[in-house]
Amino acid sequence: MRFSSCYIPTLKESPAEAEVASHRLLLRAGMIRRLTAGVYVYLPLGLRMMDKISKIVREEMNAAGFQELLMPVVQPADLWKESGRWEQYGKELLRFKDRNDRECCLGPTHEEVITDMVRGEVRSYRQLPVRLYQIQTKFRDEIRPRFGLMRGREFIMKDAYSFDMDVPGAEQSYKSMYDAYARIFQRLGVGFRAVEADNGSIGGSFSHEFMVLADTGEDTVIFCRNCDYAANVERARICWTGEKAGRPCPPCRDISTPGAHTVADVAGLLGVAPAKIVKTLVLLADGRPVAALVRGDRELNETKLKNLLNARDIKLAAPAAVESLTRAPLGFAGPRGLDLPVYADLELQGDTDYVTGGNAADTHTMHVDLSRDARVAVFADLRNIAPDDRCPVCGGEVSLRRGIEVGHVFMLGLKYSESMHAAFLDEKGRERPMIMGCYGIGISRVAAAAIEQNHDADGIVFPPSLAPFEAALLCLDPDNAGARAAAEKIYALLPRLGVDVLYDDRRERPGVKFKDADLLGMPMQLVIGAKSLARGVAECKDRRSGEKGELDLDNFESAFGRWARRVRDGWNEGAQGS
Ligand SMILES: [Zn+2]
């Protein structure tokens, strides 16, 4: 395509609305524009990128034996009421009424719709398995849409669903998706890991997340250095194997700690280690106040607490509520004499003689023995795993990396087939529920994650498989007839070699063209000008390594072919799976 006739509104300056690299660069490269909060227009280059990702996803879904269909964006509330999610889903589900006063929603996912369709058609075990997918627009009314395509409200997703007659069949469906995902991310050229995810409240099921590793990721992934165990930090189990302390603890004593609201303040003031301070957090579990205790150097894991309490919703109480429940300003709550159910992290059993809040302004309590001085309802695994923890599988050392979740494979089991009565008749004519799995890839999020992982100060560094164009061709002197003719010749040749090319034929200064080519991030750059023409060569640059070279114009086709292979091979070596 010729740059002069393309709509590529690049920006010189970083837009103020963008906080992360992918958001900034997608805007600057003229690939997306914001319409309203969390909702974006895909401009022509952005759409080309999305199409390339979708093409690879389709090829691998089809190869895995899944068939494509397309379901609607608007879904009737009745189906969601049947599955029980109309009440459960919360405000992320955008609900509205049509002109006949019928309740509807914009689909954030399609389990209900597909289960309804399959239960209407499938009667016999002979019709199973059913394996389907779609690539479609979803809407989730995120409370804080941010980071551009990373966490939008409207986004493009591939979602697949499997219906099997028995567990071995369902496991086979799951495995075929797991393997397909690994191939997809390998082909896309992004570094990724598959990690174990939460079983959540769906008993008997299991799932894996696929994470693109990037320092700006919102998730933290923990890896065992010894075995294959990898998990989202929020979900990693902690095996606390310490002994309960038998150590005697002096009697409690309140101490004045004016203005010491944080663990760091208290540690500094009293000269104790954060590990010897107990943080007391007041939360609302489905509106009911509870207190959670973790060591001062740990983080409470709200999902673990939520699962322990079997709550639908959990959040930190507002400062005013904390003050009325603990009779102390924020930062001075403690478990002693607290009239709330208290849940403590397992690890706190390992010692006595802690410092806690004193439930009075500017007061802390020293020498607290939790089993002596507080009424702890349960000690349980309530915190995020940390680098000094051990692998829950083998006990080996662990390390932490940041990641972006781009895919999720989920064994649903009977969750929807039971509530929505999706059943079939087996060989003996007995009615049995189908066993389901669901499998998602955030297509638009993959694009953002790939850019988070692959960019530099000058712009995007696209892996070849998802670059809007694989090559940039820059004609530096379009008014020079010879240079123009040479560039046109290459422009005509490249598509025949299977390379799509953006040909910068604009009457712009060379500096502008170089800057735009680097910003747009096409993996291969070819440059033709009067000077290189005089030497009988085209200049070439590998966008990723920055390595420059020259390709002989007389033998251009073979010289280019060799160089293009080197550029692509470099990317293939970089892509890593788990
Ligand atoms: Zn391990």
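Predicted model: local features only at pLDDT ≥ 70, side-chain atom pairs only at ≥ 80, totals over all residues.
Local features were taken only where pLDDT is at least 70 and side-chain atom pairs only at pLDDT 80 or more, while totals for chains, interfaces and linings use all residues. Residues are numbered from 1 along each chain as its sequence is written, and side-chain values use heavy atoms, with hydrogens and water left out.

**View A. The buried side of helix α8.** In α8 (residues 302–309), Lys304, Leu305 and Leu309 are buried, meaning under 20% relative accessible area with a 1.4 Å probe and protein chains only. Because they cover an arc of only 125° around the axis, they lie on the same side of α8, the arc being that of the directions from the helix axis to the C-beta atoms. The buried residues of α8 pack against β14 (278–285), β15 (288–295), β16 (314–316) and β17 (342–345), where contact means heavy atoms within 4.5 Å. Helices (H or I, at least four residues) and strands (E, at least two) are DSSP runs, numbered from the N terminus.

View B. Asn301 caps the N-terminal end, with a side-chain oxygen 3.0 Å from the backbone nitrogen of Thr303. Just after α8, Asn310 takes a positive phi of about 55°.

**View C. The second largest pocket.** This pocket has a volume of about 390 Å³, a volume being the space filled by probe spheres set on grid points that are joined across faces, edges and corners. On a 1 Å grid over the protein atoms alone, a pocket is an open set of points where a 1.4 Å probe fits, with protein on both sides within 12 Å along at least five of seven lines, and lining residues have an atom within 4 Å of a point. Of the 21 lining residues, the closest to the centre are His261, Thr280, Leu281, Leu330 and Gly331. The largest share of the lining, five residues, comes from β14.

How values were computed
Buried < 20%, exposed > 50% of the residue type's maximum accessible area, 1.4 Å probe, protein only. Polar contact = N/O pair within 3.5 Å; in protein donor to acceptor, adjacent residues only side chain to side chain.
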